[in-house]
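User: I would like to understand how the labels attached to a few residues were reached, with each value set against its cut-off.

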Amino acid sequence: MATSTVQRQPAATNADPIPLKLVETQPAQRYHFNTHDELMAFDVAGHSWRETLAKSFQSDKDLAKVLHGVRPVEDDVYKVIAARITPYVAQLMDKNDPNCPIRIQYVPEQDEMHIAPHEMGDQLAEDDMMPEGTSLVHRYPNRVLFLVHNICGAYCRHCTRKRMVSDPLNVIDMARIRRSVEYLRDHPEVQDVLLSGGDPLLLTDSKLDEILSMIREARPDLKILRIGSRLLAQLPTRVTPELVDVLVKNRVTLINTQVNHPREITPLFIKHTTMLRRAGVMLGNQSVMIKGVNDDVEVMRDLVMDLVSNGIRPYYVYSMDPAPGNSKFMVSYDRMLEIYHGIRGWVSGPAIPTFIVDGIGGLGKMPVQPEYVKKTVQDGETKLIATNFEGRTADVSYLL
Ligand SMILES: *Cc1c(COP(=O)(O)O)cnc(C)c1O
Ligand code: SF4
């Protein structure tokens, strides 16, 4: 089992297990934006992704220089998960509104220390399903989650993997990655490998190429090789022609990102995700249902339509995981169903994601299935009644 997040040492956000060039060559170049105007004047498109990442905000004090209404937090908050916000994400934030949907996702708050009894460190029991010495989570018969990094481009306050992400005591080294690849070699029943973390795209192109090539070499028969990365939405300039070459060379099938609010679909995001699509990489999106961000029918309709109109398939909408401090973000099951009913039938079919409750105790993902077609007993007779998106019903008992 991993050390409990609450007990661990202060997070050092630059303790990358696999050194990034950023850390090797630019330690002294951390740039402080002193005013909102300075932040907004920064041209993300005109800088390399590493330069932009190096200018990230790392505390409430950094943020308070550029945004109004940032509440001070104690350092214990950063022991649960560090703060890091790229200038690109900070530019999306409302300068004056602490309840802006981007600020809710990224700005640290002291109430994250209200840890409810049901909020366990490893609520998905991932650590228990990790074969010895590897960084794989083997929960399903034919596919595995492969954790390759525990650092992210920006840290989400609602993260499900707070127990390991940004934790210097939980680094993933190349020895573990090699053992994971050996496990894949020994388990031909695995047909689908999903790289996650942390953020796999925070690795250098050459390190990512090395890991992907090892997997492809060990398992040339693998059907699907996919990557989960929120960096597309946190720093779209990470997608460069060189990265695209690495993905194409290693036949990466699909990248799933995490966009939670339509405001995150910017011209820069569209430009760089289009580079991936043109190279034949499928794109999907996994949102998390977050109170105050997207627990709203209009916001969710806009989100899924804007995604699909830009070639990104809404794949999953997850209920909030009970990771430490997440109860303030929790959206109830009933509200989730209401939102599902508010989009099904009202937006295009390809824009409809599956709503998921993730398996507490390692059960896996379970779909929330609103019953549009339902068995009922009327006068002792079983009937099958279908209800459409407007609430009108029809008897379809001929299917019984
Ligand atoms: C989410 C997840 C997967 C992938 O599940 P899909 O439904 O195929 O996207 C695989 N393994 C683990 C442990 C996961 O949590
Ligand atoms: S990008 Fe993913 S792993 Fe990283 S902090 Fe956000 S939710 Fe957690």
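Predicted model: local features only at pLDDT ≥ 70, side-chain atom pairs only at ≥ 80, totals over all residues.

Analyst: Residues are numbered from 1 along each chain as its sequence is written, and side-chain values use heavy atoms, with hydrogens and water left out.

User: Why does cysteine 156 count as buried?

Analyst: Buried means under 20% relative accessible area, exposed over 50%, and partly exposed in between (1.4 Å probe, protein chains only). Cysteine 156 has 9% relative accessibility, so the residue counts as buried.

User: What makes cysteine 159 buried or exposed?

Analyst: Its relative accessibility is 15%, and therefore cysteine 159 counts as buried. Setting aside residues up to four places away in sequence, cysteine 156 touches Ile81, Gln105, Tyr106, Arg230 and Gln234, where contact means heavy atoms within 4.5 Å. With neighbours within four places likewise left aside, cysteine 159 is in contact with Ile81, Val165, Ala323 and Asn326.

User: Why is glycine 311 called partly exposed?

Analyst: Glycine 311 has a relative accessible area of 30%, which is why the residue is called partly exposed. Beyond its neighbours up to four places away in sequence, glycine 311 touches Arg277 and Leu283.

Notes:
Chains lettered and ligands numbered in written order.
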